[in-house]
Amino acid sequence: MAHRLLRDAQADGWERSDFPIICESCLGDNPYVRMTRADYDKECKICTRPFTVFRWRPGRDARYKKTEICQTCCKLKNVCQVCLLDLEYGLPVQVRDTALAINSNDAIPKSDVNREYFAEEHDRRARAGIDYESSYGKAHPNDTILKLQRTTPYYKRNRAHVCSFYARGECTRGAECPYRHEMPVTGELSQQNIKDRYYGVNDPVALKLLSKAGEMPSLSPPEDESIKTLYVGGLDARITEQDLRDHFYAHGEIESIRMVLQRACAFVTYTTREGAEKAAEELVNKLVVKGLRLKLMWGKPQASKPEGEVPEDDVTKQGLMSLGGMLPRAVISQQQTNQQPQPPGTQDQQQPPLHYFNIPAPPPVERTFYPSMDPQRMGALVPSQEASDNKGGSEKQPQQQGLLRAPNSSGQAYPVLPPHLQSQYPQYYPPYGYMAPPRPPYQQQYPPYQSMMAPPPPPPAPPAMQQYPPGAPGSSSQG
Amino acid sequence: MPKIKTSRVKYPEGWELIEPTLHELEAKMREAENDPHDGKRKCESLWPIFKIAHQKSRYIYDLYYRRKEISKELYEFCLDQGYADHNLIAKWKKPGYERLCCLQCMQTRDHNFTTTCVCRVPKHLREERVIECVHCGCKGCASGD
């Protein structure tokens, strides 16, 4: 056995190390950790060789944790020295091995001297740098792994153990008892054995996870064939539209992505239904962006609406909104009057004057500078049907105006504005989910926009033409 | 040195006044030493020893330094005879250690990371409100609280 006297630390197979190999959850949430190191303090729970024990407290409400297995054993299976879960995925050894179809069990002997000999040999080779191959780094995560892995550290396992005296009703320590005063949870999962967990054999937690993975629901496509929008939930400020685009572009052509940060969600619309279905199939349960597991669902069903038509009362705005926010004014002012329940995330855009900043609908405009500033000219309600057609026709104009409107929300956020713009801005509806860009760049853009207002007129029909002459004096007064 | 009252010991004046209390404390100590350990943790059975030792030293310290009711001669006599711990009293004379529970709690060499025992931390700086230090069962001996 390894219980020889230590004559030569290296040769006798007593392990000495400088830092533990542990996972994030075991290390704790505190960036300041004080750790004690004790050489040859305990024997490894698997190979029973003496090794360096590290002991620390992973957070304020945690118990002290210490390394349980030696680094040799930990490297053989690529697991954390404390919790014996995989270092990359946080999964039990059995789950990871079945998912990746790795079977190294035969190589590692399990009995007595054989095991020690193997561990020592492996250790010696690793130290000499020869013949060390680990299959764990090369394996690509497959579906099951992605579905099951932990994306955030799990600190609940660092809590104190349950007070066994309390379980019997005999705890006399009372308030100063450092153990948890809860009834212990009994069940199949409580009968765990460290050797079983390490070798990946007969592990109840692993079996439970594997059966859960098999049954994970897949996102069934909705019956309404026209829905091409996927709802992505659980967003964070760190996730940008570009991130979503990177993840979703592979499955089909993306028509638009709208992010609603207020509701921590986003809507991804594909140009084709097949693309959306393919994305749903591939990404459900597996969508992890920047370490955050996101929820994927179908967008709310609705009847699709062509742009120029007046929307009916019961049409939810999502289909319209999914056009990337290129809605004509007509539609928006129409929607404003509708008091319908709306799907989450679109509500902001739907009733902007009511919802956004809690400001009620602004009074009609006094002075107009751009045609886009005047809802009438943009085709509000009845007289503007044709105008809205034209507006829908050329995407560029709405885009310009959309961008022009962008500073509007910033105008509302920053009360100080150039006076000639101020009267116009409260009337604006905030752009569809755009983050208010900083004002200065846009102020510089006003002169170019003024000039750009002139060229587009020729394509639209005469009704649109009438917008621009008033626009010209407006722009000239601004210039 | 065993506290055996031989006829050799000459008691200074004023001894009769403090003798009964000291006897009581001694009896208490003997009782604590002979207590059975049932139902108590290993460290917990030692706590009364530290507590009574603190109490005895405190009594003599108070008499001499605070209330000034005994003479220097009697005070030194008590220290020589072992009725009080002169090392502990030496700490009580220092600012910040007026309520020190025992010498071990203050000794950084005896703890991990060269810290003191948790009972030395003032209550308003501690995270856990109720603690019993593992050495002497002290619940908080910082001078502030």
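Biologist: Which residue does the side chain of E76(B) meet in a salt bridge?

Modeller: This is a predicted model, in which local features need pLDDT of at least 70, side-chain atom pairs count only at pLDDT 80 or more, and totals for chains, interfaces and linings use all residues. Residues are numbered from 1 along each chain as its sequence is written, chains are lettered from A and ligands numbered from 1 in the order in which they are written, and side-chain values use heavy atoms, leaving out hydrogens and water. A salt bridge is a side-chain nitrogen of Lys or Arg within 4 Å of a carboxyl oxygen of Asp or Glu. For E76(B), the N to O distance is 3.9 Å, and the partner is K72(B).

Biologist: Why are E76(B) and K72(B) separated by about one helical turn?

Modeller: Both belong to helix α3 (residues 72-81) of chain B, helices being DSSP runs of H or I with at least four residues, numbered from the N terminus.

Biologist: How is E170(A), which meets R168(A) in a salt bridge, classed by accessibility?

Modeller: The side chains of E170(A) and R168(A) meet at 3.2 Å, N to O. R168(A) has a relative accessible area of 52% and is exposed. At 45%, E170(A) counts as partly exposed.

Biologist: Which residue of chain A forms a salt bridge with R41(B)?

Modeller: The count between chain B and chain A is one salt bridge. Its closest N and O atoms are 3.5 Å apart, and R41(B) pairs there with E176(A).

Biologist: What area do chain B and chain A bury between them?

Modeller: Nine residues of chain B are in contact (heavy atoms within 4.5 Å) with eight residues of chain A. Buried area is the accessible area (1.4 Å probe) that two parts lose on being put together, summed over both. Carbon and sulfur atoms carry 54% of it, and the total is about 800 Å².

Technical notes
Buried means under 20% relative accessible area, exposed over 50%, partly exposed in between (1.4 Å probe, protein chains only). Helices (H or I, at least four residues) and strands (E, at least two) are DSSP runs, numbered from the N terminus.
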